[in-house]
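Here is a short tour for anyone who likes to think in angles and distances.

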Amino acid sequence: MRASGVLMHLSSLASPHGIGTMGQAAYDFVDFLVRAGQRYWQILPICPTSYGDSPYQSFSTFAGNPYFVDLDLLAGEGLLLPEEYENIDWESTPDRVNYGALYQKRLPVLRLAARRLLAAPPDDYAAFCADNAFWLPDYALFMALKDAHGGRAWTEWEAPLRRRDPAALEQARQTYAEDVDFWQAVQYLFFRQWNALKRYANEHGIRIIGDMPIYVALDSVDVWNSPESFQLDENLCPIEVAGCPPDGFSATGQLWGNPLYDWDAMAKDGYRWWVRRIQVLSGIYDVLRIDHFRGFAGYYAIPAGNTSAAGGRWRKGPGMDLFRAVNAALGEREIIAEDLGFLTDDVRELLAESGYPGMKVLEFAFDSRESGNYLPHTYPKNCVVYTGTHDNEPLSGWFETAFPEDVQYAVDYLRLSREEGYHWGMMRGAWSSVADLALVQAQDLLGLGHESRMNAPSTLGGNWCWRALPGSFTPELADRIHRQMELYGRLPESEQK
């Protein structure tokens with residue numbers, strides 16, 4: 001069934017107190033999506049961010065980001081007093097997030113709420129901890145130990161803790177029991193708010209698409225508690241790391257630095273870690289978008305210590321064996337495969353055999369540096385078309401920065417006009433295509449430019465900060481989008497005549 005949705009991360013909501021949260025602004029955005037005739041809200045990973053503030057470099061693949069816990073909702077439950085947070089200077093402008101200020105000021109407020117929660121735990125608190133026992137205690141201990149070590153990576157901790165000596169771990173649980181309890185309580189608060197928000201969205205016909213990064217960060221509980229699943233040496237340091245090779249967009253490629261999986265070791269237990277990961281995340285979200293899907297067919301391995309992605313090599317991934325194991329254990333799950341980048345026959349074969357819809361990025365269709373074919377007249381129905389992703393310029397920014405001949409190609413192909421607005425014409429190009437699902441960035445709906453770009457890959461600083469201004473998503477804008485959904489047959493089934 002044809003449908004449409006909007007890509008905007010939780011952090012970009014116009015919530016008070018420095019960053020978007022799961023509070024009233026999130027519920028208001030769901031209402032906007034409903035009025036606009038949308039069926040999907042896509043967000044970025046909701047896991048805790050580490051250094052660099054990227055949701056794709058997290059301390060845990062299962063935990064929720066404490067920054068997204070809404071303080072007003074906590075106050076409404078009696079877990080906070082308004083004076084404990086309303087006058088805090090979050091050192092940010094309404095359209096930007098200041099992660100440094102959040103790091104310094106958010107957790108002390110959450111500690112007040114957690115202390116009150118733990119003084120009289122809700123009836124379902126013990127059940128939450130039991131249901132999440134496969135990851136929550138280790139995550140809470142990991143975060144407590146990071147605090148105790150001044151934020152240093154686990155690879156720099158003393159050997160007994162680094163190598164998870166049972167006696168050392170037990171001693172740490174006792175020594176840092178109060179901090180462990182705090183980190184567990186924050187996760188309870190996060191998922192209580194998340195589940196309520198998701199339930200509201202689902203009840204109003206909005207399904208949430210969540211992102212699963214293919215890799216995890218080296219400084220994560222995932223690597224710390226399962227080093228045997230990664231390509232590490234005897235000192236628990238990566239042998240090779242992840243990234244992308246040089247291409248037309250970057251002469252040195254992209255050096256992500258994530259540790260690589262030991263696929264042979266994972267295969268021996270039926271990819272149990274992956275089965276659990278997909279099971280949990282496809283329960284948190286309605287649809288799971290797997291980032292860098294091509295890495296399952298073949299992945300780019302860069303020698304650890306390299307200063308750029310040049311000099312890496314391609315190595316064979318698990319291919320369909322992994323997804324056969326997932327399907328055997330879990331049944332079919334709704335998955336979108338991010339199949340962008342350097343595509344080879346093995347990637348195309350994996351996508352075809354999996355049956356997952358791949359991605360088409362409309363900006364790439366007119367980019368002379370892009371070797372793939374993303375023109376709408378070539379799309380299959382079983383795909384998801386994006387105007388751009390979080391790694392791309394918003395449309396208005398693309399028209400400002402693209403090569404003039406590329407802009408002219410888009411103008412000619414889509415018959416764009418300045419009267420309508422080039423960005424609206426590009427969105428129509430996505431909505432009018434045969435793709436089953438069309439997703440546009442919130443920045444495109446608002447006509448914002450380069451200043452609102454969410455992420456510029458391979459750059460440090462200034463990323464992941466954009467926020468929508470209060471009042472941006474108006475009824476008039478929703479009605480204009482709704483009309484486009486009528487024209488191109490993307491209304492929810494309940495609204496179709």
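This is a predicted model: local features need pLDDT of at least 70, side-chain atom pairs count only at pLDDT 80 or more; totals for chains, interfaces and linings use all residues.

Helix α8 itself covers residues 177-203, which gives 27 residues. From its first C-alpha to its last, α8 reaches 39 Å, close to the 39 Å expected at 1.5 Å a residue.

How does the radius of gyration of the protein compare with that of a compact globule of 497 residues? The globule would have a value near 23 Å, and the protein has 23 Å, which agrees.

Now for helix packing. Two packed helices are described by the angle between their axes and the distance between the axes. Two such pairs are set out below.

| Helix pair | Angle | Axis distance |
|---|---|---|
| α17 (residues 422-431) and α19 (residues 475-487) | about 40° | 11 Å |
| α12 (residues 320-330) and α13 (residues 345-354) | about 15° | 10 Å |

Take α17 and α19, which pack at an angle of about 40°. That angle makes α17 oblique to α19. The crossing in which α17 passes α19 is right-handed. Which residues meet there, from α17 and from α19? On the α17 side they are W424, R428 and W431, and on the α19 side L477, R480, I481, Q484 and M485. By type, the residues of this contact of α17 with α19 divide into five nonpolar, one polar and two charged.

A general point about helices is handy when you look at such lists: an α-helix has 3.6 residues a turn, so residues three or four places apart point the same way.

Turn next to α12 and α13, with an angle of about 15° between them. These two helices are therefore roughly parallel to each other. Is the crossing of α12 and α13 left-handed or right-handed? The crossing is right-handed. M320, F323 and R324 from α12 meet L350, E353 and S354 from α13. The residues of the contact of α12 with α13 comprise three nonpolar, one polar and two charged.

Notes
Residues are numbered from 1 along each chain as its sequence is written. Side-chain values use heavy atoms; hydrogens and water are left out. Axes are lines fitted to C-alpha atoms, for helices over the stretch in contact, and angles run from 0 to 180 degrees between N-to-C directions. Helices (H or I, at least four residues) and strands (E, at least two) are DSSP runs, numbered from the N terminus. Angles under 35 degrees count as roughly parallel, over 145 as roughly antiparallel, 65 to 115 as roughly perpendicular and the rest as oblique. A crossing is left-handed if the near helix is turned anticlockwise from the far one by less than a right angle, and right-handed if clockwise. Contact means heavy atoms within 4.5 Å. Ala, Val, Leu, Ile, Met, Phe, Trp, Tyr, Cys and Pro count as nonpolar, Asp, Glu, Lys and Arg as charged, and the others, Gly among them, as polar. The expected span of a helix is 1.5 Å times one less than its number of residues. The radius of gyration is taken over C-alpha atoms; the globule rule is 2.2 Å times the number of residues to the power 0.38.
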